[in-house]
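This report covers a sheet, a helix pair and an annotated span. The sequence and structure come first.

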Amino acid sequence: KHSRMSYNFKQIAKIPSATELMDITLSKTQRKTPTMVAAGFKITRIRKFYMRKVKFMQSSINERLQAVIDSFPKLNDIHPFYADLMNVLYDRDHYKLALGHINKAKNINDNIATDYVRLLKYADSLYRCKQLKRAALGRMCTLIKKLKSSLSYLEEVRKHLGRLPNIDPNLRTLILTGFPNVGKSSFLNNISKANVDVQPYAFTTQSLFVGHTDYKYSNWQVIDTPGLLDHQLDQRNTIEMQAITALAHLNACVLFLLDISENCGYTIEQQISLFNNIKPLFQAKPLVIVLSKIDVCKFPELKEDIQKQIQTMAKETNAYLIQMSNISGDGINDVKAKACDILLDHRLTQKAKDPKKAESIMSKLHVSEPKKRDNKVRDIAIPQTVIQGAKKTGPTIKELQEEYGGAGKFYIPEEEHYLLENEDWRYDKWPEFYLGKNVADYYDPEIEAKLNALEEEEAQVLREEAEKEEMAGESSEDEGGISTADLKGSLAGVMKKVRRKRADHMLKSATRARSKIKHLDDVTEALEAKGIDVNKESLAQRVKNPRRIGELEEAQEKKAKRELGLDSDSDDDSDSVMSDDDMKKKEGEERGRSRKTREQKKKKTTLLGKRRAEHDHEMISDDDAIPVEVRGSMGKTKRTMTVSQRKISAKKNIRDRTASRREGTAPQRLEYKPVPEEQVRLAKKINSIWKHKVQRSEADREVNVKRPKHLYSGKQGRGKKDWR
Amino acid sequence: RIEKCYFCSKNVFPGHGIAFARNDAKLFFFCSSKCNKLFKAKKNPRKLRWTKAYRAAHGKELINDSSLEFEQRRNIPTRYNRDLMVKTIQAMKRVEEIKEARKMRHFKKRMDAHKDKKRQDVENELMKHVDFIEDPKIKEYIRQKKEQKAQ
């Protein structure tokens with residue numbers, strides 16, 4: 001609560017002087033309120049205008065004065081140390097009076113404003129209003145002028161307050177006291193980063209100085225005070241009073257510095273008497289009596305009774321006696337440590353005594369002890385080599401390594417450290433893998449026993465199997481005396497044959513197709529055998545001979561010609577209308593080629609054909625049957641001509657054709673009649689049979705082997721068969 | 001150390017495959033990128049036919065056998081003893097033999113379960129093409145079977 005106040009002193013705003021304040025408020029009123037007013041305005045408007053001015057002035061003055069009052073700390077609200085210090089420095093009464101004066105001025109200001117506003121209400125002209133306003137503002141200004149001294153005093157206070165050392169009353173503090181020139185400031189300089197003036201004359205330090213140090217990982221304040229002289233409290237001046245204030249109000253460790261060498265200009269007795277004088281100030285505080293300047297004079301060198309006096313002094317107040325020297329540096333740390341320690345203890349005991357605080361701390365603490373998980377005694381285990389203090393002799397492994405070729409080349413012998421039952425085993429090499437397994441996975445002290453058990457199991461199983469074999473006698477596999485393996489074998493043979501047959505069947509389908517062709521005689525016989533009446537004539541009509549498309553078309557042509565009256569049956573030369581092929585035939589005949597009939601040709605080749613030929617002649621009746629033009633196997637007589645002869649005939653053909661056309665003697669082309677679909681299909685089917693007979697080559701885009709062995713058999717390590 | 005591929009249970013020899021250390025400090029070894037990628041795709045090896053995990057889960061492999069207990073990862077090392085090492089290596093060989101024999105037995109048992117059906121299938125096939133059978137004894141046998149079936 002109190003600690004926060006110490007930081008606000010520097011934040012107090014500058015306090016304007018009386019004249020400044022006057023100027024500020026007046027100019028503000030001028031700027032911030034409307035400026036234009038004329039006599040011709042309504043009186044209410046004029047009044048309002050001037051009232052506003054008065055009120056504005058009032059409010060701005062009040063604002064300022066209020067700010068001044070607020071910015072200064074209330075002596076009752078701040079830490080008593082600061083309150084006292086301010087009293088010492090600035091006189092409490094004067095301070096309070098100044099602030100009171102300002103407060104009062106505020107009230108008076110308000111009164112002025114209200115009075116003149118009231119008057120302005122009844123002002124009847126611009127002039128009157130203006131005068132009133134002038135009067136009001138004037139009075140306010142004189143009021144401010146009267147504040148001059150207070151304001152200037154407060155400004156001084158503010159300046160000084162800002163420069164006060166930042167002492168935190170609740171922080172761990174050490175206070176240095178003693179006579180002037182005893183070594184307090186130099187001690188502070190030694191301990192902290194402070195750089196306080198150290199001079200041989202008294203009252204070098206005229207105010208409190210703060211230094212900061214660390215001890216046990218926390219911050220400490222060290223306060224250097226002005227030296228105290230040995231006289232009554234009421235006789236003390238402001239400077240000394242500051243020291244007294246600090247001693248009185250701050251809960252800190254007091255370091256009373258005693259100059260043994262008497263270089264400060266005061267005897268030890270005087271110092272002791274001062275000590276006794278201010279003893280009541282540090283009743284409840286931890287105290288350290290520091291014997292300073294021991295570099296000049298050492299404690300044992302003193303007279304005995306003085307020594308005794310000092311010791312009794314310490315004893316009475318339960319203080320610690322420590323010696324130190326600022327110049328040489330002896331004992332400074334001891335002093336600091338001691339002082340800090342006792343202060344910490346003091347603070348702790350204080351905190352412990354406070355029941356609330358103690359409780360709050362205790363409730364946060366918890367001491368946990370690990371639970372024992374078993375009754376095993378876990379003793380301290382110190383290796384023998386450590387107890388014996390054994391030292392290694394010889395080169396270290398590192399040195400050896402460097403000697404023998406460095407890291408990587410040199411094998412660090414780890415086998416030396418193995419703890420083995422038998423020394424012979426030390427440099428054994430044993431395999432890491434065996435039969436695709438890790439040897440370490442099998443390495444087991446009980447492996448022998450386990451293996452024996454396994455062997456027994458296996459033996460047992462084998463025995464059972466043997467018994468089963470005997471009992472079974474004839475194996476159930478052999479039903480009917482034939483084993484499944486035999487059956488499989490025979491099946492393999494069977495399937496081979498079957499496949500062969502199927503393949504042959506496919507290949508022979510052409511011949512079969514033809515062999516399927518039945519002759520009319522056979523058909524009639526078969527039907528009559530079954531007892532069906534046969535109409536031979538109708539059957540004869542339906543007899544179909546395999547023909548070429550070209551043939552069929554020509555047959556149609558011939559028929560058409562006949563109908564037209566052009567007889568193509570006769571072979572005389574006098575025929576004017578002839579088809580091109582007829583022409584060719586004629587040519588061929590003229591050249592002496594014999595026109596073999598189809599039947600004649602067939603007679604040579606197959607017996608079947610022969611039969612057919614004979615039948616053909618018998619079957620066909622002149623009236624109904626379509627005359628089959630007799631020609632070679634492909635309908636052309638190319639086989640009988642040589643290449644050159646063929647060329648000649650072709651050329652001739654063309655010449656004749658065009659000539660005859662030109663002359664108009666060429667036989668007219670007849671209307672094309674499409675071949676019935678059935679016959680076309682049949683012809684195509686017959687043609688397709690030839691495909692199988694044609695030999696294949698690489699250009700024929702077909703896969704010969706549907707199931708290559710290397711893809712359809714064998715195991716595959718990785719990957720599928722379609723791409724491996 | 002020869003590790004087992006986590007996915008397909010193949011042997012991962014030193015210098016092969018990939019080891020994956022997960023955040024919970026569990027190690028996964030893979031024999032190939034195939035297994036690694038399948039693992040990353042969160043595939044369950046028990047559902048992929050070609051893995052040992054599938055085979056074990058579907059009773060096609062020998063499991064829970066005493067001969068399999070010899071090989072186990074030992075976390076507590078046993079002190080080296082030459083005699084024990086010799087015995088171990090000898091035992092390894094014997095254990096492998098026994099293991100193979102048991103595996104074969106397991107396989108046979110599995111296959112014999114369908115012995116009858118397989119025989120029947122062969123007979124049916126033969127019945128279709130009785131005439132092609134060369135061996136007279138078998139031919140007669142099949143013929144009889146066919147007659148039986150017709151009845």
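At what angle do helix α2 (residues 43-71) of chain A and helix α4 (residues 92-121) of chain A pack, and how many Å apart are their axes? In this predicted model, the angle is about 170° and the axes are 10 Å apart. Angles over 145 degrees count as roughly antiparallel, so α2(A) is roughly antiparallel to α4(A). Residues of α2(A) in this contact include A:Arg47, A:Tyr50, A:Met51 and A:Ile69, and those of α4(A) include A:Leu99, A:Ile102, A:Leu120 and A:Lys121. By class, the contact holds 13 nonpolar, five polar and five charged residues.

Chain A also has an open sheet of six strands with mixed pairing, in the order β2-β3-β1-β4-β5-β6. At its edges lie β2 and β6 of chain A, each of which pairs on one side only. On average, neighbouring strands of the sheet are turned by 25° against each other, direction ignored.

| Strand of chain A | Residues |
|---|---|
| β2(A) | 209-215 |
| β4(A) | 253-259 |
| β5(A) | 287-292 |
| β6(A) | 320-323 |

Within the sheet, β4(A) and β5(A) pair in the parallel sense over six bridges. A:Leu255 has A:Val288 in β5(A) as its bridge partner. Helix α11 (residues 332-353) of chain A packs on the sheet and touches β1, β2, β3, β4, β5 and β6 of chain A. The direction of α11(A) makes about 85° with that of β2(A).

Methods:
Residues are numbered from 1 along each chain as its sequence is written. Chains are lettered from A and ligands numbered from 1 in the order in which they are written. This is a predicted model: local features need pLDDT of at least 70, side-chain atom pairs count only at pLDDT 80 or more; totals for chains, interfaces and linings use all residues. Side-chain values use heavy atoms; hydrogens and water are left out. Two strands pair if DSSP finds at least two bridges between them. Helices (H or I, at least four residues) and strands (E, at least two) are DSSP runs, numbered from the N terminus. Axes are lines fitted to C-alpha atoms, for helices over the stretch in contact, and angles run from 0 to 180 degrees between N-to-C directions. Contact means heavy atoms within 4.5 Å. Angles under 35 degrees count as roughly parallel, over 145 as roughly antiparallel, 65 to 115 as roughly perpendicular and the rest as oblique. Ala, Val, Leu, Ile, Met, Phe, Trp, Tyr, Cys and Pro count as nonpolar, Asp, Glu, Lys and Arg as charged, and the others, Gly among them, as polar.
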